[in-house]
Amino acid sequence: MENIALGKLLAFLKLHKKHQLNRSKAGNAVLFVIMAICGIFMAVPLVMILNNAFKPFDELFRYPPRIFVRNPTWKNFKDLVVLMNNSWVPFTRYILNTIILTGGGTVGHILIASMAAYPLAKLDIPGKKVLFSIVVLTLMFNGTVTSIPNYMIISYLGLNNTYWAVILPAFASSLGLYLMKQFMEQIPDSLLESARLDGAGELTIFLRIVMPNVKPAWLTLAIFQFQFMWGNTGSGFLRSEQLKPLQYALYQVASGGVARQGAAAVVQLIVAVIPITFFLICQSQVIETMTTSGMKE
Amino acid sequence: MKEKSMAYKEIKHPVMKKVLRNKTGYLMMAPYFLLFFLFTVLPVLISIGLSFTKFNMLEWPQFCGWENYLKLFLDDDIFMIAFKNTLIFALITGPASYLMCLFFAWVINEFSGKMRAFLTLIFYAPSISGNAFMVWAFIISGDRYGYLNGLLLKLNLINSPILWMNTEKYVMPTLIVVQLWLSLGTGFLTFIAGLQTIDKGLYEAAAIDGVKNRWQELWFVTLPCMKPQLMFGAVMQITTSFAVADISIQLAGNPSVNYAGATIVTHLMDYGSGIRYEMGYASAIATILFLLMICTNGFVQKILRRVGS
């Protein structure tokens, strides 16, 4: 009896439809319980941000704070809209800036880094080991001290106060190349070799065979890079108000002291919701690839 | 025509031949590596250079040889505390976080469809929602309204609230717990993606070959198949667990009580971006941390090569 109920529950949760081999029901149940308990712990910040946005003033300042909202209200949202309409530069401009900076930084990095990762992973190129080690090593150097030399280089190139000051260094991040190279290594050489015999050039192989086969990798990289660019307000480089991104403008609006705490809570929500939405879109695509791409040796 | 064929004949060295044959490859690498050397490698080299100077960011740096390094190891008591704390952090949270990433990614991979994306979001939530760890400030608040103190008082385990972040012996353990809670980040998502690229046919083949349960399947099929991701995850884990700073500064303060929560990076920030503006000294700290991570990485990669064998 209990077994049937458990089976139904697991079926409802769509647990392991894919490979039914080697799975015991008891094991599934234990794992499910562990996931549920840990999941509650991990979800706390999301729940808190969501609830805060709907809290009326007195609840925001309640001490000790309560996680769940008692009397939800839209007032904070309305306040934020009023504040946004009062801004010096129209808010649409900030949105455009964010699309250029976050969108450009993400797409550009994925393209350039993947294109460089393919020869490193799959072509017999002299010097590739050295180049690759340098990429991995740079991941380990602390960013606080490199920010000053970085600033000097960008100023020297005359890129200060342009979008490029934020976008170009983002293109050059080490993480993307490393990630893409690791996934591309797994593509069987035979697959590439047969394409070469058919007369395909390396660029065609890269675009038509390699990239579709590592779709989970670049979708994951897209999440990392989007998150990084979203958190990067370009402070220090973008001085003109017209160039600043949405996140910056939102934080400005929110930092008006106690009176703006309600609006600030909504800003927190917006700043979290956008990367989360992007995350969910990418993650659901990661799932789709597994049914369509069969990588066989 | 004749000249051209001569030119090709002159190049006999096998390496040069390979270089010429892979022209497209180099062209594909060019845009990235050009930017990479300019915006990533060059700043690192400059910083290492600055570590041998005195540099207050106003005047031109003055060369001072090994002075910063000597001061760091012989004269700086706080650095020694920070060094010890960082090692403790790395030794505990490094392996633990890594195993957590692997475990949760593997379990989540058992689910399919929307449920899987949802679970991934829940477990990745602390990494995506900005400074989410500030939630912990309420939990470990030192008065009796802090959630943890409230709970312990209710259970009669303590008589008076504990000042968690003001008591030396509790600082490190608390920070370690928070760090573990934050650990499902880059490595976790990479493992999830890695699990998706494993050929499902291998599992069927393994079942025929006598793999009996999910644990054997994990060890003999899954892990060997995702070695590249395991290596990547290890490097990312090293870079995060040796660079713990934000949670210490936000929760324990900087400086923390008797420097109980000081790490190499909080010490670095103290000099680099704090009030002291001693960039040369900060660069020396960064260089030491750099060397520490490189050594650890070499060691870890050696271990990982043995997985599944």
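Chain B of this predicted model has an average pLDDT of 85, and 94% of the residues in chain B reach a score of at least 70. Within chain B the confidence is lowest in helix α1 (residues 2–10), where the mean is 52, and highest in helix α3 (residues 23–50), where it is 93. For the complex, the predictor reports an ipTM of 0.87 together with a pTM of 0.87.

Turning to chain A, the secondary structure consists of 14 helices and zero strands, and the pattern along the sequence accordingly reads α-α-α-α-α-α-α-α-α-α-α-α-α-α. Chain A has 297 residues, of which 39% count as buried. Among the contacts in chain A with a separation of 6 or more, 75% come from residues 24 or more positions apart.

One helix pair within chain A illustrates such packing in detail. Helix α5 (residues 91–122) of chain A packs against helix α12 (residues 215–231) of chain A at an angle of about 140°, and their axes lie 9 Å apart. Because angles over 145 degrees are needed to count as roughly antiparallel, α5(A) and α12(A) are classed as oblique to each other. The crossing in which α5(A) passes α12(A) is right-handed. On the side of α5(A), the contact is made by Leu101(A), Thr102(A), Gly105(A), Thr106(A), His109(A), Ile110(A) and Ser114(A), while α12(A) contributes Trp218(A), Leu221(A), Ala222(A), Gln225(A), Phe226(A), Met229(A) and Trp230(A). By class, this contact of α5(A) with α12(A) holds eight nonpolar and six polar residues, with no charged residues.

Between the chains, the contact draws 88 residues from chain A and 83 residues from chain B. The side of chain A that touches chain B is made up of 59 nonpolar, 21 polar and eight charged residues.

A helix pair that spans the two chains is formed by helix α9 (residues 174–184) of chain A and helix α13 (residues 227–241) of chain B, which pack at an angle of about 160° with their axes 8 Å apart. Since this angle is over 145 degrees, α9(A) and α13(B) are roughly antiparallel to each other. Here, too, the crossing is described by its hand: α9(A) passes α13(B) in a right-handed crossing. Tyr178(A), Leu179(A), Gln182(A) and Phe183(A) of α9(A) make the contact with Pro228(B), Gln229(B), Met231(B) and Phe232(B) of α13(B). Sorted by class, the contact of α9(A) with α13(B) has six nonpolar residues, two polar residues and no charged residues.

Notes:
Residues numbered from 1 in each chain as written. Chains lettered and ligands numbered in written order. Predicted model: local features only at pLDDT ≥ 70, side-chain atom pairs only at ≥ 80, totals over all residues. Contact = placed C-beta atoms within 7 Å. Nonpolar A, V, L, I, M, F, W, Y, C, P; charged D, E, K, R; others polar. Helix = DSSP H or I, 4+ residues; strand = E, 2+ residues; numbered from the N terminus. Buried ≥ 20, exposed ≤ 12 C-beta atoms within 10 Å, placed from the backbone. Axes fitted to C-alpha atoms, helices over the stretch in contact; angles between N-to-C directions. Parallel < 35°, antiparallel > 145°, perpendicular 65-115°, else oblique. Left-handed = near helix turned anticlockwise from the far one by under 90°. pLDDT = per-residue confidence, 0-100.
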